[in-house]
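This report sets out what can be read from the coordinates of one protein model. The sequence and structure are shown first.

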Amino acid sequence: MTYTETLDWMFAQLPMYQRQGASAYKIDLTNTFSLASYLNNPETKFKSIHVAGTNGKGSTSHMLASILQEAGYKVGLYTSPHLKDFRERIRINGKKVSKEYVVAFIEQHQSYFKKNQLSFFEMTVGMAFQFFADSDIDIAVVEVGLGGRLDSTNIITPEVSVITNIGLDHTRFLGNTIAEIAKEKAGIIKDHIPVVIGRTVSETKTVFQEKATIHKSDLYLAEDYTGPLYDSDLKGDYQKENIITALQTISVLQAKGWQIKKEQIRRGLGNVISNTGLLGRWQILKQAPKVICDTAHNVDGLLPVMKQLTNEKYDQLHFVLGVVNDKDLNTILPLFPKDAQYYFAKPNIPRGLDEKILREKALKFDLKGKEYTSVKKAYNAALQDAACRDIIYVGGSTFVVAEII
């Protein structure tokens, strides 16, 4: 198979949560443990950091990888979802896994995948762990896909576990309260493995403290970090929280004997984008008019983004907006400004919400604009309408951002 044929097979034959939603969500780790055994447990052949959370886990993972790269380590990075190319999910020192490796891995194990009906995510985790083991890395930063306790990545025993924050997202799978979701995320905490917690509230702090006590794990709160602070090339205001979480995690690694100097930390945080290839976090795509895109897609993520956006200087604000069909619009649409011009579009995935439905829902919140049959058409219309001193914001979904980057 060619690389394109391989991806077509993966996307078409195996369920993928990001594209299909609930039908692709697995409720246990049986398949993942079986796959790991079949592959001779590659996850045991490298050290790792495990990162969970409702928001910020992707940015924090990339920050950690960048710092460790600057410290001279060979660093694997597993994240999801991808924006443009499947290979973004699996990197070593910022370089994507080769097309040849992806094709060879699928061809070698395709019969096993078919026989055992593995999900897209299970198969991809297996590929990442095998690639890291084959490449003799020093450490991998592994981002949880969804939740924590039942996520396919949760077969590793990391150097440190990280939980960035807890918000109300994916409630269909993880629970309807902050405490219930925290319990699912806390499922990555393991015996005697230190855990770093990002932002907490009273309900979540109690959950994490109890879980850490059960597992005899040292608990570190990002809010207790007292070391030096550094700037990052990731310019979203919300990144300040992720920076502190990453710095607290690095301090835990240093205490465990990892050699990471202050200057390496400074360079790592200052060069996240160039070191790791991170996209879509308060990313400026164009000037005059200024075009900003961000992958924030839930209340917890959108609140700081909308605050930062309204603090920008502009004459008129334009929104290219699309969402997935299981999004609770009653919670997110009130966050968007009413005095903006909207361009509603459906992301080009099966889960994408029809642009007509989105426009109808938005009108109930006094968000006015036109509908377009594609994100690109909506974006082009915004570019035509916007004057030099205007701002165009593109977002609402990772998949909307992916189509215009």
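## Basis and conventions

The model is predicted, so to speak by its record: local features need pLDDT of at least 70, side-chain atom pairs count only at pLDDT 80 or more, and totals for chains, interfaces and linings use all residues. Residues are numbered from 1 along each chain as its sequence is written, and side-chain values use heavy atoms, with hydrogens and water left out.Helices (H or I, at least four residues) and strands (E, at least two) are DSSP runs, numbered from the N terminus. Buried means under 20% relative accessible area, exposed over 50%, and partly exposed in between, with a 1.4 Å probe and protein chains only.

## Nonpolar cores

A nonpolar core is here a set of buried Ala, Val, Leu, Ile, Met, Phe, Trp, Tyr and Cys residues joined through side-chain atoms within 4.5 Å. The largest such core has 37 residues, and those with the most contacts inside it are Met 10, Phe 113, Met 127, Phe 129 and Phe 132. At least two residues of this core come from each of α1 (3-13), α3 (30-38), β3 (90-92), α5 (99-116), α6 (120-134) and β5 (139-143). The greatest contribution is that of α6, with ten residues.

Contact means heavy atoms within 4.5 Å. Not counting residues up to four places away in sequence, Met 10 touches Phe 86, Ile 106, Phe 120, Met 123, Thr 124 and Met 127. A second, separate core holds 31 residues, including Leu 68, Val 75, Leu 77 and Leu 278.

## Cysteines

A disulfide is a covalent bond between the sulfur atoms of two cysteines. The rule applied here asks for a pair of cysteine sulfur atoms within 2.5 Å, and the count comes to zero disulfides. For Cys 293, the closest cysteine sulfur is that of Cys 388, at 20 Å, which is too far for a bond.

## Helix α10

Helix α10 covers residues 239-255, 17 residues in number. The expected span of a helix is 1.5 Å times one less than its number of residues. For α10 this gives 24 Å, and the end C-alpha atoms are 24 Å apart, which agrees.

Among the buried residues of α10 are Gln 239, Asn 242, Ile 243, Ala 246, Ile 250 and Leu 253. An α-helix has 3.6 residues a turn, so residues three or four places apart point the same way. The buried residues of α10 pack against β1 (47-52), α4 (57-70), β6 (160-163), β7 (195-197), β8 (219-221) and α11 (262-270). After α10 comes Gly 257, whose phi is positive, near 105 degrees.

## Salt bridges

With a salt bridge taken as a side-chain nitrogen of Lys or Arg within 4 Å of a carboxyl oxygen of Asp or Glu, the count comes to 17 salt bridges. In one of them, Glu 159 pairs with Lys 47, the closest N and O atoms being 4.0 Å apart. This pair links distant parts of the chain, 112 residues apart: Glu 159 is in the loop between β5 and β6, and Lys 47 is in strand β1. Glu 159 counts as buried at 13% relative accessibility, while Lys 47 is partly exposed at 43%.

Glu 184 and Arg 149 meet in a further salt bridge at 3.1 Å, N to O. Glu 184 lies in helix α8 (residues 178-185) and Arg 149 in the loop between β5 and β6, 35 residues apart. Glu 184 is buried, at 12% relative accessibility, and Arg 149 is partly exposed, at 40%. The side chains of Arg 389 and Asp 315 also form a salt bridge, at 3.1 Å from N to O, and both residues are exposed. Salt bridges that share partners join Glu 70, Glu 263, Arg 266 and Arg 267 into one network.

Two strands pair if DSSP finds at least two bridges between them. Strand β9 (residues 283-286) and strand β10 (residues 290-293) pair in the antiparallel sense over three bridges. Ile 284 has Ile 292 in β10 as its bridge partner. Three residues lie between the strands of this hairpin, where Ala 288 takes a positive phi near 55 degrees.

## Ser 48 in β1

Ser 48 lies in strand β1 and is buried, with a relative accessible area of 1%. Leaving aside neighbours within four places in sequence, Ser 48 is in contact with Ile 139, Ala 140, Ile 156, Thr 157, Pro 158, Glu 159 and Val 160. Of these contacts, Glu 159 is also the salt-bridge partner of Lys 47.
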